[in-house]
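Reader: Please show me the structure, and then let me ask about a few places in it.

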Amino acid sequence: PPPALHTCQGLAPCLPEEGQVNTSGPGLLLATLHPASSSSTAMDRIFSALLLSLLLLLQSYGVCGAPPQPRGTLCRTKPTDLVFIIDSSRSVRPQEFEKVKVFMSRVIEGLDVGPNSTRVGVINYASAVKNEFSLKTYQSKAGLLQAVRRIEPLSTGTMTGLAIQFAISRAFSDSEGARVRSPNVNKVAIVVTDGRPQDGVQDVSARARAAGIEVFAIGVGRVDMHTLRQIASGPLDDHVDYVESYSVIEKLTHKFQEAFCVVSDLCATGDHDCEQICISTPGAYKCACKEGFTLNSDGKTCSACSGGSGSALDLVFLIDGSKSVRPENFELVKKFINQIVDSLEVSDKQAQVGLVQYSSSVRQEFPLGQFKNKKDIKAAVKKMAYMEKGTMTGQALKYLIDSSFSIINGARPGVPKVGIVFTDGRSQDYITDAAKKAKDLGFRMFAVGVGNAVEDELREIASEPVAEHYFYTADFRTISTIGKKLQMKICIEEDPCECKSIVKFQAKVEDLINSLQQ
């Protein structure tokens, strides 16, 4: 009999134990072969081995004949001495402080915690400084998470400079568990504050950086941005973060998990641009598509809307061009739009794209059907000028309903209508009625928020189920990740398991059976 196949090496599902039946495969019922008895012939054993090989091959290919997405190792973090410096002054309400604790817990959950890997300490400060626990106190993730849950706010002033000095002189000392004699161990401090400090931070922060401590500064609400820049290490774009309220601070978790990650398997961590299948190579990756899809010329996206009367689509982007976006981020938004356009098959009978920008007023950049190919659409997007004023999202939604999806502006009767609303802040007008009407008319609405976007407004815009139509990221630099998700969701896809794929798969199986018979 063949050797036991228990370590499936990325194949799902595993072959079952002897005598069991596996029904978890894609439409297959596999009965496991028992070992051959002593009376079995050599031919029986050979056939058993060949049949097992065939079954394993069927499992690996699935119903469409597409190989499974490779599975990589999970993220491993470089050994780090990490100290959180947390503001719990009077301005931080108790329920908001709980959000900070959740943020810390989420970051810790993504770390490799241990005496020889990552150690974590927490400094709590207000008018005074309290060492909640040091780098040497807990050596397990469970112990750290329980300790974080027990932290209580101090509720007085805001002595941020004093807290940073405490970190330099005590928290990152050898006596408190810091590995000062180990040059390969990173020293990292994450400062979270929501106000203006009552003492100086510039000099003490410079001393922290000079001591080899990498300092991240997170500001919340009415924080003084100049103070954050004085605290943080360079480059400031990577070390200064701002969120509108404590309710969204958890959104920064992924950034810090990535910052501590040193794994080379980019597919495993999601740090890739592949739309469908990511294949890991040492320190790099390459992209592939599922059976029935074609890899586009960019080497990343797949043609998910390829031909057929069922793939027609009218898609309109509704883009926030308010002053808060800033010119450099507006360029990233244009790349985001073109990333999605790349995944479409544009023609009179397939996808049409329109673009509307809004701020204090609404401006149609180009209507549906004006451009007949991706190249022209992308060129028009690149030329779009930044409006740079207010944020009238409600007015923009009304324009989408009354004009963008009208026949006079290129919309086709009976073709699915999709709207993608992109915003980075709170609307200055009322959105409820227009958001509801768009969905009542059958438009499929996606809401994408960045930075200070308001979650309640995004959810109000998004179609049901909201979880599949609402996206948020704290940083404009990560919107390409949302773009990858949207590429798969906006298309009215043909079923890749129909017709050609089934025939190809059936031919492969028949060839294998013929080989076995021979």
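The questions below concern peptide bonds, backbone angles, a pocket and a helix.

Author: This is a predicted model, in which local features need pLDDT of at least 70 and side-chain atom pairs count only at pLDDT 80 or more, while totals for chains, interfaces and linings use all residues. Residues are numbered from 1 along each chain as its sequence is written, and side-chain values use heavy atoms, without hydrogens and water.

Reader: What is omega for the bond from E464 to P465?
Author: P465 lies in the loop between α14 (455-461) and α15 (466-469). The bond from E464 to P465 is cis, and its omega is near -10°.

Reader: Is R326 buried, partly exposed or exposed?
Author: R326 belongs to the loop between β11 (313-320) and α10 (327-341), and its phi is positive, near 75°, although R326 is not glycine. Buried means under 20% relative accessible area and exposed over 50%, with partly exposed in between (1.4 Å probe, protein chains only). At 46% relative accessibility, R326 is partly exposed.

Reader: Which residues are closest to the centre of the second largest pocket?
Author: A pocket is an open set of points on a 1 Å grid over the protein atoms alone, where a 1.4 Å probe fits and protein lies on both sides within 12 Å along at least five of seven lines; lining residues have an atom within 4 Å of a point. The second largest pocket holds about 720 Å³, a volume being the space filled by probe spheres set on the points, which are joined across faces, edges and corners. Of its 20 lining residues, the closest to the centre are M225, V240, Y242, R326 and N329.

Reader: Which elements give two or more residues to that lining?
Author: At least three lining residues come from each of domain 1 (75-261) and domain 3 (313-491), with bounds from an automatic or database domain assignment. The elements giving two or more are α6, α7, β8 (240-243) and α10.

Reader: How far apart are the end C-alpha atoms of α2?
Author: Helix α2 (residues 94-109) has 16 residues. The expected span is 1.5 Å times one less than the number of residues, so α2 should span 22 Å. The distance between its end C-alpha atoms agrees with this, at 23 Å.

Conventions. Helix = DSSP H or I, 4+ residues; strand = E, 2+ residues; numbered from the N terminus.
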